[in-house]
Amino acid sequence: MDTRSKDDLSFLESVDLSFNRAVSLLEVPSALKEKIRICNSTYTVRFGVRLRGTIYTFTGYRSVHSEHMEPVKGGIRYAPNVDQDEVEALAALMTYKCALIEVPFGGSKGALRIDPKQFEEFELEQITRRFTYELAKRSLIHPSQNVPAPDMGTGEREMAWIADQYARMNTTDINANACVTGKPLNSGGISGRVEATGRGVQYALREFFRHERDRDRANLTGSLSGKRVIVQGLGNVGYHAAKFLQQEDGAVICGIVEHDGALYDPSGLDVEAIYQGLVRDGGLAKFPNAIIGPKAKVVLEEECDILIPAAVDSIINLSNADRIQAPLIIEAANGPITAGADEILRQRGTVIIPDLYANAGGVTVSYFEWVKNLSHIRFGRMQRRQEEARHQLLIDELERLSAATSASWEVSPSFKAKYLRGADEVELVRSGLDDAMRIAYQKMREVWHSNAAVDDLRTAAYLVAIDRVVKSYRAKGL
Ligand code: NAD
């Protein structure tokens, strides 16, 4: 969706610019730089579906940016104005994101030009199945070649249709379920995938606040507790990020901006109640205190500690960048800040945690789901009870020693309960995600603070990612 002002670069141009800025700091032959930058292929498909007594023609895309690792990975977006440039920008980001977060995938992205709100569920199913057929017959959906996931306008439901359609077309493929991630738990999904991108945003912020030097760069002190947060887009990513930050870290969500209006209260908003209202009404406009019309967007410019754009690209652009007051922006959405706005914000000292890192939680847990599908067993199934039994041995021994020596200490019941519980799948997924987010952040900040030519986290993130892609290509002889 294009929300930028007329002087802004496009989303794809902004991604290219970030790439070029970073790659200019690396000693890489220019031909290889160009090979990495360009999108390998984009398939455009137009297909008809018979609906409501007539034939509707839809346009879909699947871009493959880089196949230095396979399968390639990236979500499928349903949006009314999506175009080839947007999909190619998103596919490029996927390449760098996967490299940065260390998941073994190349970058891809898909989209269908559709406003899903205009269709009934059974119609969307027909459309999704047909789109899947078109992509799968060209191996653009395939467990070992190209594995989609949810993105804007799609979720578990669409992923379940895609998986089922693929399985119908490949009846003897034992790994058919690994053709797509983000599936519901009862159709081969993994616990914790729905929340993963928002959870990743939370873990990213926690890691940022662990480093005093980084907090200082944004003139912030202390922890996430009490920090004032404004979120744009209360969809999958924005809702989970806001909810976890509010409920688990004590952050104050003071502003929420949606497509049709905004809510603002410096003393804090009830994220869960607002989300339930949003789901019920399809927007925020019906809330009694809603700010509607052009003023809604201005909520992004209110004073706060952390701004979380979690909706569409190019929302912070040349028309509003100099009025954004947040000292820290975390790009939960892909490409929410245009290159021009990025320049303005960087010069003002705003710290930006870039999209290719900030929203990598989704693809990280997608990777776990794909591994789970290929191994055909849920995480923790073999170890959990054995782990509990070993912990029980230790507790029994401590209690025996305590009784034998008439010691004055005993194992507290709450410690015992926590220690005895073996980790289930969602705990393992969260642990793996937290680890991935921490390691990638530490790698990024190392470059940020050690390379005098790097004054922002975005360039640092691109540098880490591009360096890894270069090494992959070199290993292949390019
Ligand atoms: P979603 O469709 O679940 O939610 C998007 C939300 O943004 C909706 O509530 C919508 O009403 C709102 N919105 C749309 N236009 C808006 C506007 N102009 N102003 C304010 N709000 C607006 O989508 P999502 O999955 O949460 O994705 C959001 C962003 O996060 C996208 O950029 C997507 O590429 C990125 N992302 C998503 C995932 C994932 O796992 N879902 C992973 C990585 C990145």
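**A ligand shell and its surrounding helices**

Glu388 sits in helix H14, which covers residues 384-404; helices (H or I, at least four residues) and strands (E, at least two) are DSSP runs, numbered from the N terminus. The model is predicted, so local features need pLDDT of at least 70 and side-chain atom pairs count only at pLDDT 80 or more, while totals for chains, interfaces and linings use all residues. Residues are numbered from 1 along each chain as its sequence is written, and side-chain values use heavy atoms, with hydrogens and water left out.

Glu388 has a relative accessibility of 18% and therefore counts as buried. Here buried means under 20% relative accessible area, exposed over 50%, and partly exposed in between (1.4 Å probe, protein chains only). Apart from its neighbours within four places in sequence, Glu388 is in contact (heavy atoms within 4.5 Å) with Leu420, Arg421 and Gly422. The loop between H14 and helix H15 (413-420) holds Val411, which is buried as well, with a relative accessible area of 15%. When neighbours within four places in sequence are set aside, Val411 is in contact with Ile395, Leu398 and Lys416. Ile395 is 16 residues from Val411 along the chain, and their C-alpha atoms are separated by 7.8 Å.

Next comes the ligand. It is surrounded by 22 residues, and the closest are Arg77, Asp151, Thr197, Glu258 and Asn334; a residue is near a molecule if one of its heavy atoms lies within 4 Å of it. The shell divides into nine nonpolar, nine polar and four charged residues. In this grouping, Ala, Val, Leu, Ile, Met, Phe, Trp, Tyr, Cys and Pro count as nonpolar, Asp, Glu, Lys and Arg as charged, and the others, Gly among them, as polar. An oxygen atom of the ligand lies 3.5 Å from a polar side-chain atom of Arg193. Backbone atoms take part too: a polar one of His259 is 3.3 Å from a nitrogen atom of the ligand, and a polar one of Ala311 is 3.1 Å from an oxygen atom of the ligand. Taken alone, the ligand exposes 830 Å², of which the protein buries 86%; these areas come from the Shrake-Rupley method with a 1.4 Å probe.

Helix H8 (236-249) and strand S8 (252-258) each supply at least two residues of the shell around the ligand. Ten of the 14 residues of H8 are buried, so this helix is largely enclosed by the rest of the structure. Among the buried residues are Tyr239, His240, Lys243 and Asp249. The buried residues of H8 pack against helix H6 (196-209), strand S7 (228-232), S8, helix H9 (271-281) and strand S10 (306-309). After H8 comes Gly250, whose phi is positive, near 75 degrees.

Buried residues of H4 include Glu123, Leu124, Thr128 and Arg129. Helix H5 (156-169) is included in what covers the buried residues of H4. Glu158 is found in H5, and at 4% relative accessibility it counts as buried. Beyond its neighbours within four places in sequence, Glu158 is in contact with Tyr78, Thr128 and Gly153.

Note on methods. A polar contact is a pair of N or O atoms within 3.5 Å; within protein, one must be able to donate a hydrogen and the other to accept it, and residues adjacent in sequence count only if both atoms are side-chain atoms.
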